[in-house]
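Hi there,

Here is the structure I promised to pass on to you. Please open it first, and then read my notes below.

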Amino acid sequence: MTAPTSTPLRVAVLVGSTREGRFAPVVVKWLTGHLGQRDDLRADIVDLAETPLPTVLPAFGQEPPPGTAEALATVSPRLAAADAFVFVTPEYNHSFPAALKNAIDWHNTEWHGKPVAFVSYGGLSGGLRAVEQLRVVMAELNATTIRNTVSFHNAWGAFDESARVDDPAVDTAAKAMIDQLTWWAHALRDAKSVRPYAA
């Protein structure tokens, strides 16, 4: 049965940083402001600091540690229900946070045949090295990464107290990224309604 294109797309926003004093909430507030302007999108903020996952993955064929099912129940159904994802990530040591990699590794089919966009932040690099590594990881998990990104260079000085950015180019970049994410999300959702994704 074909999903009507009028049904809003479910976009899971993964907040990759779990550090104390993190800057992520400011970036997420800015992003959700843009997503909230779209009638065709419904955002679900999956904050890994508020929904921590186990850090010990079981060996193949082994039972997971106690409490794993309960921890996954706070995240996995939300990822499975999503039509698309936006990863909000800083750059740590030229890469992305361990908590984000952990969340990725605990899941598999939840990523299949879905688009992923990236909003990154950091110092001079703006988190772009984290994004480039995430593209390789998500390709292995049968996800489609969106070309356009939004990156905040020297992010701590880019926002005002209300999490607004006084740079029209940033809003233009955000719109282009969200437009691409929406196109791919519709295309892939429609395709999967006709035939299951072949991983």
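Let me start with Arg-38, which is partly exposed, with a relative accessible area of 21% (buried means under 20%, exposed over 50%, and partly exposed in between, using a 1.4 Å probe and protein chains only). Before going on, please note that this is a predicted model, where local features need pLDDT of at least 70, side-chain atom pairs count only at pLDDT 80 or more, and totals for chains, interfaces and linings use all residues. Residues are numbered from 1 along each chain as its sequence is written, and side-chain values use heavy atoms, leaving out hydrogens and water.

The side chain of Arg-38 forms a salt bridge with that of Asp-179, at 2.8 Å from N to O (a salt bridge is a side-chain nitrogen of Lys or Arg within 4 Å of a carboxyl oxygen of Asp or Glu). Arg-38 sits in the loop between helix H1 (24-35) and strand E2 (41-47), and Asp-179 in helix H6 (residues 168-194), so the pair ties together parts that are 141 residues apart in sequence. Helices (H or I, at least four residues) and strands (E, at least two) are DSSP runs, numbered from the N terminus. Asp-179 is partly exposed too, at 30%. Both residues belong to a network of salt bridges that also links Asp-40 and Lys-175.

Another pair is Arg-164 and Asp-160, whose closest N and O atoms are 3.4 Å apart in a salt bridge. Here Arg-164 is exposed at 52% relative accessibility, while Asp-160 is partly exposed at 35%.

In the whole structure, the search finds 11 salt bridges.

Enjoy exploring!
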